[in-house]
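Could you walk me through this model, feature by feature, and show how each one is read?

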Amino acid sequence: MLRYLVRRTGESVLLILGVLVLVFFMVRLTGDPVGLMLPKEAPPEQRAAFAAAMGLDRPLPVQFAEYMTGVFRGDLGDSLRQRRPTIDIIGERLPATLELAMAALAFAMIVAVPLGLAGGMRPGSGLDLAARGVGLAGQTVPNFWLGMLLIVFFSVQLGWFPAFGRDGPASLVLPAVALGFAGMGQLVRLTRSAVLEVRKSDYIRTARAKGIRDRVVSLRHVLPNVAIPIVSVLGIQFTYLLGGSVYIEVVFAWPGLGTLLETAIRDTDFPLVQSITIFLSLFAISIHLLTDVIYGVLDPRLRLS
Amino acid sequence: MTHRTLRTLLAAVLAALIALPSAFAQETGDELVVALSSDPTSLFMPRTADRTASNAAWSLFDSLVWIDDAGEIVPALATDWTVSDDGTEYVFELRQGVAFHNGEPFDAASVVATWETGKDDSNDYADSFAAADLVEAIDDHTVRITTPEPNATFLTLMANDWAMVPPAYIAEVGLDAFAQDPVGTGPFRFVSRTAGDRIVMEANADYWEEGLPRVDRLVYRVIPDASTRLAAIRTGDIDVANRLTADQVGVLEGEDDVEVISYLNDRVYYVAFKNIGAGVGTPLEDARVRQALNYGLDRFGINQAIFSGQANAAPGFIVEGNLGYDPELMEPFPYDPERARELLDEAGYPDGFEIGMGCPADGYININEVCQAIAASLSGIGVDVTVDFQTTNAYWSEPQYAVTGPMYVDSWSSEFGEALPRLDGALTPGNYYTTWEDEKFATLIEEIESEVDREARAELYVEMHELMREDPPFIYLYQPVIFEAIDADLVGYQPRAAEEYYLRSVGFAD
């Protein structure tokens, strides 16, 4: 187990280093912020002075070295636009994004797991048809488009939910549905096919042969066995939701990391784009590591492979 | 889980969902809610990177002078001022008895501090403050400001950018903290800000101008997506939704609670020519060719096809709403392909020529379509234009548009009510974005810049227009129309041609 842990952690650290290097150079491929930040009328002297004040006039390797030493000291730099530590800015926005991602995941699970289970237990039934329909819709409907539809129908026409913003639980409903929809589709399909798979196994046949009722079979024997793939997908889903929230946050004016990232990219705010990307990557890598570890605990075969 | 418990649970969830919205119904009353299309970078004026930020910030501040709705400079925190005969020295008498929101008195020291903090190189708008050489207090309520040379638009510049700040408070907390919790003398005082979500302000009860502001609370909500702003004005959650398109406001037809307003934006779209860099040695060096391109482009057809007619054909760089504009004297080039071909023939290009044109992909509304339409239209006079789409970052970060070919599409706005910023920015040699260098333009622009008399300046603009018509450095395209939707009960909301608005006199009809 220890060797497995060490190996997975080592891989994660390498991955993080790769992300750090990649992010630094990719962000700089997008252009020079000075031309975009200053008013068009700004004379060349002001441009030069501004670049110097922002540290953008130094050679790239020097900027890179400073950035890396900063990262290891836990200092991700200051935002060019807001002139304060990017880590503070991210801290302000993180709760909104976590809240939305968790609500979306909860929505996806609440709908998908029972539906997938029901569909898988009775292939060809009405519920199964519904499960397959939801699975297909979830994977094909673009989430930002769904978001707009939800706003027009539930906010403008019916007036049930706020059209935008973060104003308590009611405002969470529409963005969570829009964001969780794709994940829901994937989960329904996964649950359904896992159930179909498990149902074919000998122990289920034995349970049935003993005359145990269907409901008991599905809850006591099928569910625990489909739980493992579902749990592992949930971890991946969660990180996907964090990243995928950019569109949804913009559509619903949700004040999270997604809208922040969109603005930062538009403003060529290098340090901020860098920090958000690094932060999200760290988050994703940690969750994958954690999932792998839990998985290793649950399933000893994985530790040896 | 039994069927019954599942059913009960579902019923409970549904009931909660239906009950929730009413719990969050908002009381509006005397609260004005305005949408912002992006989260302001800063509320410290010299660092307000865009119009959205400066619009929000101006609710908190005042300048020494003000531009009224007629475009005239009027007193604000200065009650009176004199200008020296050589036009380089201004003496302002300051309004007495005015205090900042924290109680600090407004006086001559505040003006000096405003200039000193404003001209710091790290500020986006340092240039506006560097327009003054020296700002000194003569006594507590008199200030002398010196400019290096006569500057026709100095007062306009002050009205637009010089938001007065409290020196003692800034000294105590520092600029970064000030930007987070700003204090001014303005009609509203800062209450709170939730990053990416909202900025809350309340009326300044001690505002120096009697009877203003006209609402108790002002809330800015950040809504980046235009369709969401449209939805929010329809649900009544906001009172002002800006930056909408003609198609979007079409949806609002027949809605009694919402009023659609539209106005011409003081922004000119154009195709620029280069006589430096990639433009050297091309047919563009011949004035007849540049005229031919202006005659040969169907700008009216482009407006109709791409903007449903909701744009004005631009007569030049001096457009409706600008000082010196005269509809009789300044008509757009007519669409006359015959004349265009004749001119090309005279210039020695009877069969036309091939030329490249840069285009800032997605940089402006419908700009990709506009670029393609330009190429299609000019092919009608035998000019074969290759459109080169560039990302906007690369496009605008290179001085002199080094990434583009001999022609490129761009636009330039002005918040002055005068064409000077775009003339100077795009035609004064050596400027970051100047790609057409011609001494006669540069000389006339300098004259305009130092002409302090308004009437005389208006005449110079007419002269400039004529020069730019005979020897065009651009193909003039269009001036767009801006659409906004507001609560039908709103009174006193009057945005100006560069999308700037001031909310101190906005209220609700009884």
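Predicted model: local features only at pLDDT ≥ 70, side-chain atom pairs only at ≥ 80, totals over all residues.

Q: Okay, chain A. How many helices and strands does the secondary structure of chain A have?

A: Helices (H or I, at least four residues) and strands (E, at least two) are DSSP runs, numbered from the N terminus. Chain A comes to 13 helices and 0 strands. Its C-alpha atoms fill a box of roughly 85 × 60 × 30 Å along the principal axes.

Q: Which domains does the assignment give for chain A?

A: Domain bounds come from an automatic or database domain assignment. Here that gives domain 1 (2–73) and domain 2 (93–267), and the C-alpha centres of the two lie 36 Å apart.

Q: Now chain B. What does B:Asp39 touch?

A: Not counting residues up to four places away in sequence, B:Asp39 touches A:Arg93, B:Arg193, B:Ala195, B:Gly196 and B:Val222. With a relative accessible area of 11%, B:Asp39 is buried, and it sits in the loop between strand 1 (31–36) and helix 2 (51–57) of chain B. For a polar contact, look for a pair of N or O atoms within 3.5 Å; within protein, one must be able to donate a hydrogen and the other to accept it, and residues adjacent in sequence count only if both atoms are side-chain atoms. The side chains of B:Asp39 and B:Arg193 make one, at 3.2 Å.

Q: How many disulfides are there over all chains?

A: The general idea first: a disulfide is a covalent bond between the sulfur atoms of two cysteines. The rule used here is a pair of cysteine sulfur atoms within 2.5 Å, and the count comes to 1 over all chains. The pair is B:Cys359 and B:Cys371, with sulfur atoms 2.0 Å apart. B:Cys359 is in strand 15 (residues 353–360) and B:Cys371 in helix 13 (residues 367–379) of chain B, 12 residues apart. The torsion about their S-S bond is about 85°, so the disulfide is right-handed. Both cysteines, B:Cys359 and B:Cys371, are buried.

Q: And sheets: in what order do the strands of the open sheet in chain B run?

A: Two strands pair if DSSP finds at least two bridges between them. In chain B, 4 strands form an open sheet in the order 4-5-7-6, with antiparallel pairing. Strand 4 (78–83) and strand 6 (134–139) each have a single partner strand, so one side of each is left without a neighbour in the sheet. The twist averages 20° from one strand to the next; axes are lines fitted to C-alpha atoms, for helices over the stretch in contact, and angles run from 0 to 180 degrees between N-to-C directions. Strand 5 (residues 89–94) and strand 7 (residues 142–146) of chain B pair over 5 bridges, and B:Glu89 stands opposite B:Thr146. Helix 5 (residues 154–161) of chain B packs on the sheet, making about 45° with the direction of strand 5 of chain B.

Q: Which strands pair with strand 13 of chain B?

A: Strand 13 pairs antiparallel with strand 17 (residues 407–413) of chain B over 7 bridges, and 3 bridges join strand 13 to strand 18 (residues 474–476) of chain B, also antiparallel. B:Ala272 stands opposite B:Tyr408 in strand 17 and has B:Phe474 as its bridge partner in strand 18. Strand 13 (residues 267–273) is mostly covered, with 6 of its 7 residues buried.

Methods:
Residues numbered from 1 in each chain as written. Chains lettered and ligands numbered in written order. Heavy atoms only, no water. Buried < 20%, exposed > 50% of the residue type's maximum accessible area, 1.4 Å probe, protein only. Contact = heavy atoms within 4.5 Å.
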